[in-house]
Structure formats: C-alpha cells, structure tokens
Amino acid sequence: GIPRIPPMAGCWSFLSCWPARKEKYFVRLRPDEEEHRRWIKQMKAFIFDMDGVLYTFAGGIDGAADSLKALQSAGKTVLFMTNNSTKAQEDVVESLRRRRSFRDAGVIFEPDEIMTSGVAAAEYLLSRGLKG
C-alpha cells in the first residue's frame with residue numbers, strides 16, 4: 001500500500017517532477033492527502049539534510065524520526081547530507097544513533113548513507129586525479 005508518512009515540522013520538498021504540476025514551487029508534503037501519498041509512493045529515494053531538518057541543537061524535529069522510520073519500513077532508500085565536515089561518516093552515524101528520538105523510533109543509520117561535505121570534496125578531488 002501507500003506508506004503513511006507522519007508529518008514533519010520542517011518537511012518541504014521542491015516538486016519540479018510532480019506529474020500533476022507544470023510549474024515549479026515549494027510545497028509542504030502532507031501525507032494525509034492522496035495526491036501527496038501517490039507522489040511519495042512513486043519516489044524510490046529520499047535525501048535529507050540533517051541539521052535543522054532532522055534535528056537542532058535543542059533536540060529532534062517533531063515527526064522526523066517517525067517519518068524516517070516509515071520511509072525505511074516502506075522500503076525507500078533514505079540518504080543524508082550535511083555540510084558539516086568535522087566528522088567522519090561513522091562519527092555522524094554514532095551521533096545519530098545516540099539521539100533518543102531516532103533510537104526510540106528504530107531508525108537505522110549506516111555510514112554509506114551519509115554524505116558529508118568533506119567526503120564530497122575528497123571524492124571530487126580524487127575524480128580530478130588529485131591525491132593527498
């Protein structure tokens with residue numbers, strides 16, 4: 001069936017590929033609306049920024065952990081990006097696993113699902129033949 005994704009406080013999406021729309025605009029995803037559930041069902045992967053989208057310094061964003069768990073349970077690929085270059089992917093995963101909201105919801109994080117700005121820069125430099 002169509003996954004029931006809980007609403008996230010900061011869940012916005014740029015829907016340039018939304019089949020029913022010609023124009024590009026931002027829209028709040030509302031999983032209680034049939035059209036949005038159909039769109040979610042069509043998507044194979046979701047990429048989330050982390051700081052300010054999934055959590056803040058003060059704690060988790062309401063609905064974020066349950067939304068991630070619902071996507072994972074529906075078999076969707078869930079990836080994470082951050083512009084924080086101070087931690088390795090494994091350290092980011094460990095930090096996420098320690099957060100109570102994600103742990104309580106049973107969200108699974110793996111290092112290969114995390115793209116940091118440091119990893120992106122290193123991969124770019126390698127692709128250009130630069131080694132350090």
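Trainee: Which residues of α1 are buried?

Mentor: H36, R37, W39 and I40. Keep in mind that this is a predicted model. Buried here means under 20% relative accessible area.

Trainee: How do you know that the buried residues of α1 line one face of the helix?

Mentor: Look down the axis of α1. The buried residues fall within an arc of 160°, so they line one face. There is a general point behind this. An α-helix has 3.6 residues a turn, so residues three or four places apart point the same way.

Trainee: What makes E34 and R38 a salt bridge?

Mentor: Take the distance. The closest N and O atoms of E34 and R38 are 3.8 Å apart. The cut-off is within 4 Å, between a side-chain nitrogen of Lys or Arg and a carboxyl oxygen of Asp or Glu. So the E34 and R38 pair counts as a salt bridge.

Trainee: Where do E34 and R38 lie?

Mentor: Both lie in helix α1, four residues apart, about one turn of the helix. The pair is also part of a network of salt bridges, which links E34, R37 and R38.

Trainee: Why is E34 called partly exposed?

Mentor: Its relative accessibility is 36%. Buried is under 20% and exposed is over 50%, with partly exposed in between. So E34 counts as partly exposed. R38, at 42%, is partly exposed too.

Trainee: How many salt bridges are found in the whole structure?

Mentor: Four. One of them joins E94 to R98, with the closest N and O atoms 4.0 Å apart. Both residues lie in helix α3, four residues apart.

Trainee: Why does R98 count as exposed?

Mentor: R98 has 53% relative accessibility. Exposed means over 50%. So R98 counts as exposed. E94, at 38%, counts as partly exposed.

Trainee: Which parts does the pair R97 and E110 tie together?

Mentor: First, the salt bridge itself: the closest N and O atoms of R97 and E110 are 3.7 Å apart. R97 lies in helix α3 and E110 in the loop between α4 and β7, so the pair ties together parts that are 13 residues apart in sequence. R97 is partly exposed at 37%. E110 is partly exposed at 32%.

Trainee: On to the sheet. What is the order of the three strands in the open sheet?

Mentor: The order is β3-β6-β7, with parallel pairing.

Trainee: Why are β3 and β7 called edge strands?

Mentor: Each of them pairs on one side only. From one strand to the next, the twist averages 20°.

Trainee: How do you know that β3 and β6 are paired?

Mentor: Count the bridges. Five bridges join β3 to β6. Pairing needs at least two. So β3 and β6 pair. In one of these bridges, I47 has L79 as its partner in β6. On to β7: three bridges join β6 to it, and these strands run parallel.

Trainee: What makes the side chains along β3 alternate?

Mentor: F46 and F48 point to one face and are buried.

Trainee: Which helices lie across the strands?

Mentor: Among them is α2, which lies across β3 and β6, running at about 140° to β6. Another is α5, across β6 and β7, running at about 75° to β7.

Trainee: Which residues have the most contacts inside the largest nonpolar core?

Mentor: F48, L54, L68, F80 and F102, in a core of 24 residues. Helix α2 gives the most to this core, with four residues.

Trainee: Which residues is F80 in contact with, leaving aside its neighbours within four places in sequence?

Mentor: The set includes F48, L54 and L68. I114 is in it too, and F80 stands opposite I114 in β7. Contact here means heavy atoms within 4.5 Å.

Trainee: Why is T82 called buried?

Mentor: T82, in strand β6, has a relative accessible area of 11%. The limit is under 20%. So T82 is buried. Its contacts include D49, M115 and S117. T82 and D49 are 33 residues apart along the chain, with C-alpha atoms separated by 5.7 Å.

Technical notes. Residues are numbered from 1 along each chain as its sequence is written. This is a predicted model: local features need pLDDT of at least 70, side-chain atom pairs count only at pLDDT 80 or more; totals for chains, interfaces and linings use all residues. Side-chain values use heavy atoms; hydrogens and water are left out. Helices (H or I, at least four residues) and strands (E, at least two) are DSSP runs, numbered from the N terminus. Axes are lines fitted to C-alpha atoms, for helices over the stretch in contact, and angles run from 0 to 180 degrees between N-to-C directions. A nonpolar core is a set of buried Ala, Val, Leu, Ile, Met, Phe, Trp, Tyr and Cys residues joined through side-chain atoms within 4.5 Å. Buried means under 20% relative accessible area, exposed over 50%, partly exposed in between (1.4 Å probe, protein chains only). The arc is that of the directions from the helix axis to the C-beta atoms.
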